[in-house]
Amino acid sequence: MEIKANKKRPATIERGDKIGILSTARKITQSELAPALKTIEEFGFVPILGKSIGAEDHQFAGTEAIRAKNLQDFIDDPEIKAILCARGGYGTAQLLDKVDFSALKQNPKWIIGYSDITALHLHLNKTLNIQSMHASMPLNFKDNSTIALSSIFLSIQGVYPEYNFPAHPLNKTGSIEAELIGGNLSVIYSLQGGMAEIDCKDKILFLEDLDEYLYHIDRMMLNLKLSGKLQQLEGMIIGGMTDMNDNAIPFGRDAERIISDYVKDYDYPVAFNCPAGHIDDNRALIMGSEIQLRVKNSKTKLKFL
């Protein structure tokens, strides 16, 4: 099927190809990665560990220079067919102005991760016009569902997902085809006004988050509203809003209700319950891809084109 989105999709890769494993954010050891490396091999690929794995600079996987060079080396190395971020945390945005991404313009390769890796997704989408994969990372592989893991390794081989998930009482029904963008709400909020500020015009926005205070969810959604982002959308998809926090005096609404209240007056479909985010069933989403979104009273269907 013809891809309508104007973002270039990385080439598919084959069993036996090398996948680079690095950390752009928090530190991680090779022993922590052992179960995931076995999983990658079982799917038929060859994991190659970068120099950020095992590196340490306080909470980070090495200094900014080490992490940036590891990402640069994997981007430039033609033997590395895809780049899988080992974990999130904090630190990916520090690298955006320290890496030359120009090689990806000519020969895009899959960059895979979620949470803090949203910084890379936004930069690749807006600045380079290429697609990337919001999906689970090796630190989480041992807890992920079978379908979550399969969605990564099937997608990089060109078998793109189609998901059906249960309806939610806050859903807004409707059907739309548009480009999917987004990721972690906190990271999106933190990059407003910068080189990787999200472009919402005529897009479907996916949001997820973890361990945030409910008042801060409200603050971030208010920012998206006041900046005009929400009104520019064609649709919205909400994944896991996991382990939210509240104050001693309750905020009065959960994360899903807060989000719903901010988009209730816009005339576009909204789907909650998407199986993606900080959950075990964290399925791959192709950012920058055109998708079909069908939100019905009975279920939601999401198909990548």
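1. α6 gives the largest share of the lining of the largest pocket, three residues. Helices (H or I, at least four residues) and strands (E, at least two) are DSSP runs, numbered from the N terminus. The model is predicted, so local features need pLDDT of at least 70 and side-chain atom pairs count only at pLDDT 80 or more, while totals for chains, interfaces and linings use all residues. Residues are numbered from 1 along each chain as its sequence is written, and side-chain values use heavy atoms, with hydrogens and water left out.

2. The largest pocket holds about 440 Å³ of space. Among its 22 lining residues, Gly89, Tyr90, Ser115, Asp116 and His278 are the closest to its centre. α6 (185-190) and β8 are the elements that give two or more residues to this lining. On a 1 Å grid over the protein atoms alone, a pocket is an open set of points where a 1.4 Å probe fits, with protein on both sides within 12 Å along at least five of seven lines; lining residues have an atom within 4 Å of a point. Grid points are joined across faces, edges and corners, and a volume is the space filled by probe spheres set on the points.

3. By class, the lining of the largest pocket has eight nonpolar, eight polar and six charged residues. Ala, Val, Leu, Ile, Met, Phe, Trp, Tyr, Cys and Pro count as nonpolar, Asp, Glu, Lys and Arg as charged, and the others, Gly among them, as polar.

4. The second largest pocket has a volume of about 250 Å³. Of its 14 lining residues, Ile80, Lys81, Asn107, Pro108 and Lys109 are the closest to the centre. α2 (64-76), β3 (80-85) and α3 (102-106) each supply at least two residues of this lining, which divides into seven nonpolar, three polar and four charged.

5. Seven strands form an open sheet in the order β6-β13-β12-β7-β8-β9-β10, with mixed pairing (two strands pair if DSSP finds at least two bridges between them). β6 (162-166) and β10 (270-271) stand at the edges with a single partner strand each, so one side of each has no neighbour in the sheet.

6. Strands β8 (residues 203-210) and β9 (residues 235-242) run parallel and are joined by six bridges; Ile204 has Gly235 in β9 as its bridge partner. Helix α7 (residues 214-226) packs on the sheet and touches β8 and β9 (contact: heavy atoms within 4.5 Å). The direction of α7 makes about 160° with that of β8; axes are lines fitted to C-alpha atoms, for helices over the stretch in contact, and angles run from 0 to 180 degrees between N-to-C directions.

7. The structure holds 13 salt bridges (a side-chain nitrogen of Lys or Arg within 4 Å of a carboxyl oxygen of Asp or Glu). One of them pairs Lys27 with Glu56, the closest N and O atoms being 2.9 Å apart. Lys27 lies in the loop between β1 (18-22) and α1 (30-42), and Glu56 in the loop between β2 (46-49) and α2, 29 residues apart.
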